[in-house]
Amino acid sequence: MTTTTAQPEPAAAPTGPTSRRKVLQALSGLMVGMFVSILASTVVANALPRIITDLQGSQTVYTWIVTSELLAMTATVPLWGKMADLYSKKLLIQLSLGLFVAGSLIAGLTPNVEILIVSRVVQGVGAGGMTALSMVVMAAMIPPRELGRYAGIFGAVFGVGTVAGPLIGGLLVDTPWLGWRWCFLIGVPFTIVAIVLLQRTLHLPVVRKQVKVDYLGAFLITLGVSTLLVWSSLAGNQFAWASWWTVGLAGGGLAVLALAVWVEWKAAEPIIPLSLFRNRTVALATVASVLVGVAMFGGTVFLSQYFQVALGKSPTVAGLMSLPMVFGLLVSSTVAGQLITKWGRWKGFLVAGGVVMLAGMGLLSTIDGQTSTLLLSVYMAVLGIGVGMLMQNLVLAAQNDVPAHDLGVTTSVLSFFRSMGGAVGVSALGAVLANRITTLMTERLGPMAGGGEGQSVPDISKLPAPVVRVIQDVYATATADLFLIGVPLTALALVAVLFIKEKPLNTLSGEERLAQERATAAH
């Protein structure tokens, strides 16, 4: 049992039209921090083929360089969110950014893939803090009725960081005097700038209270999710899906998560309060968030490999080919946020986002080695538009429907499940991709081509033309299959959104609602 003793800081300014400039100044450090933390997840996408070649990694390692960061972010988001309800939000954000700097430096100097994966875990812990805390701070400062405007901006930052990362990574890889190590080091100065901006511009009250953090629940959730991710990334490659390894890992992971549910039910201050899921909006938004995470990360993270291997593009060109998704997400997120603030209605945007995202996944499931750049651009823009309308507005709908004292934990729960969807999507779909590539290579080039532990990622510049054509066709077919798997998952997200009940947006900020709730309780 510990007690926070920090003195209250000045409260945030109200969010009327005359104070929007002050709000944006206060959020500037958050925006920079969010951009850098999201960039960490994506900047390596176009660099991965080169990194794997230089460090002599396999297709399984390819997946885990992405998954380890997502896993650490997923596992720690609930803990960060819970602490946001108990400690100084500013201090927690600065701590998370400090961890991100440490992880980035380790990654940039790594001598092998093992240390690289460890550094990605450290980066993920820091990114988990930014993911959970940025929306918590926004909800504390800004009423839901106004939140759409700012959530749209943050959605745009998230989208640009998510999909522009591969472009930046590609440029760094193709620049001889920089190289792939700068994909990790480039974020360090920006992160330091974010820490300074937060110190100067962000002022929120720190409430003194008795606290008890449920570390056992956090540990069990982390262990359970990690076990399932290890299973999903290795099954079908290192061992058969139907094997005793599957029984042990999948069964063990589910058993640990079942124990975590029991611990959370009994805990005085649970990391994920199960009572939240009695709220219909929160429960349905959580389901949709998991599936959006799968769509956002599970499919798109392998597009860079498709561009470079199946289409034979350079890392820089592969990054440029990602821009239609950036612009689709940027425009839809910003416009939807502005219109929600103007009209006070949000469900129509969620439904439209679900429909458009489903269409985008369906279109991308038709790609092959001969798909034109124009068609690819259209398909990716469609997917980006759909995700942009869904992602932040799911959080907005949930925040609008819970008591102010649950804002932090509700936001972190949604971020947790979206990140978990991404981690599971990358891990499981990465295993499917590796298995599919091995099968197709064996069929077309013989057993020796499909063999090898983890299936090495080929360097097509060193192979004869006939073999290159076969490999490109194999990677194109396997990538399209991933999006085909994503279609029914995206359809389920749309169904979940359809059942969310629209409620009027609150006109009070989180801090104002919390003060009102305390006053009511005192009487």
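Trainee: What should I know about the model before I start?
Mentor: It is predicted, so local features need pLDDT of at least 70 and side-chain atom pairs count only at pLDDT 80 or more, while totals for chains, interfaces and linings use all residues. Residues are numbered from 1 along each chain as its sequence is written, and side-chain values use heavy atoms, with hydrogens and water left out.

Trainee: How many helices and strands does the protein have?
Mentor: There are 20 helices and two strands. Both are DSSP runs numbered from the N terminus: H or I of at least four residues for helices, E of at least two for strands.

Trainee: And how much of the protein is buried?
Mentor: Of its 523 residues, 59% count as buried. Buried means under 20% relative accessible area, exposed means over 50%, and partly exposed is in between, with a 1.4 Å probe and protein chains only.

Trainee: What share of the contacts join residues at least 24 apart?
Mentor: Among contacts between residues at least 6 apart in sequence, 84% do. Contact means heavy atoms within 4.5 Å.

Trainee: On to packing. At what angle do H15 and H16 pack?
Mentor: Helix H15 (residues 347-364) and helix H16 (residues 373-399) pack at about 150 degrees, with their axes 7 Å apart. Axes are lines fitted to C-alpha atoms, for helices over the stretch in contact, and angles run from 0 to 180 degrees between N-to-C directions.

Trainee: So what do we call that arrangement?
Mentor: H15 and H16 are roughly antiparallel to each other. The cut-offs are under 35 degrees for roughly parallel, over 145 for roughly antiparallel, 65 to 115 for roughly perpendicular, and oblique for the rest.

Trainee: Left-handed or right-handed crossing?
Mentor: H15 passes H16 in a left-handed crossing. That term applies if the near helix is turned anticlockwise from the far one by less than a right angle; clockwise makes it right-handed.

Trainee: Which residues make the contact?
Mentor: On H15 they include Phe349, Gly353, Met357 and Leu364, and on H16 they include Leu376, Tyr379, Leu383 and Asn393. By class, the residues of this contact are 19 nonpolar, five polar and no charged. Ala, Val, Leu, Ile, Met, Phe, Trp, Tyr, Cys and Pro count as nonpolar, Asp, Glu, Lys and Arg as charged, and the others, Gly among them, as polar.

Trainee: Is Leu364 buried or exposed?
Mentor: Leu364, which is in H15, is buried, with a relative accessible area of 0%. Leaving out residues up to four places away in sequence, Leu364 touches Leu376, Tyr379, Met380, Leu383, Ala480 and Phe483. The C-alpha atoms of Leu364 and Tyr379 are separated by 6.0 Å, and the two residues are 15 apart along the chain.

Trainee: How do H14 and H16 pack?
Mentor: At an angle of about 35 degrees, with their axes 7 Å apart. H14 passes H16 in a right-handed crossing. Among the residues in that contact are Gly328, Ser332 and Ile340 of H14 and Gly384, Gly388 and Asn393 of H16. The classes there are 13 nonpolar, seven polar and no charged.

Trainee: Where is Ile340?
Mentor: Ile340 sits in helix H14 (residues 323-343) and is buried, with a relative accessible area of 0%. Ile340 and Asn393 are 53 residues apart along the chain, and their C-alpha atoms are separated by 9.2 Å.

Trainee: What about H12 and H19?
Mentor: Helix H12 (residues 303-310) packs on helix H19 (residues 465-498) at about 160 degrees, with axes 9 Å apart. H12 and H19 are therefore roughly antiparallel, and H12 passes H19 in a left-handed crossing. Tyr306 and Val309 are among the H12 residues in the contact, and Tyr475 and Phe483 among those of H19. That contact divides into eight nonpolar, three polar and no charged residues.

Trainee: Last one: which residues is Leu257 in contact with?
Mentor: Leaving aside neighbours within four places in sequence, Leu220, Ile221, Gly224, Val225 and Leu228. Leu257 lies in helix H10 (residues 244-266) and is partly exposed, with a relative accessible area of 22%.
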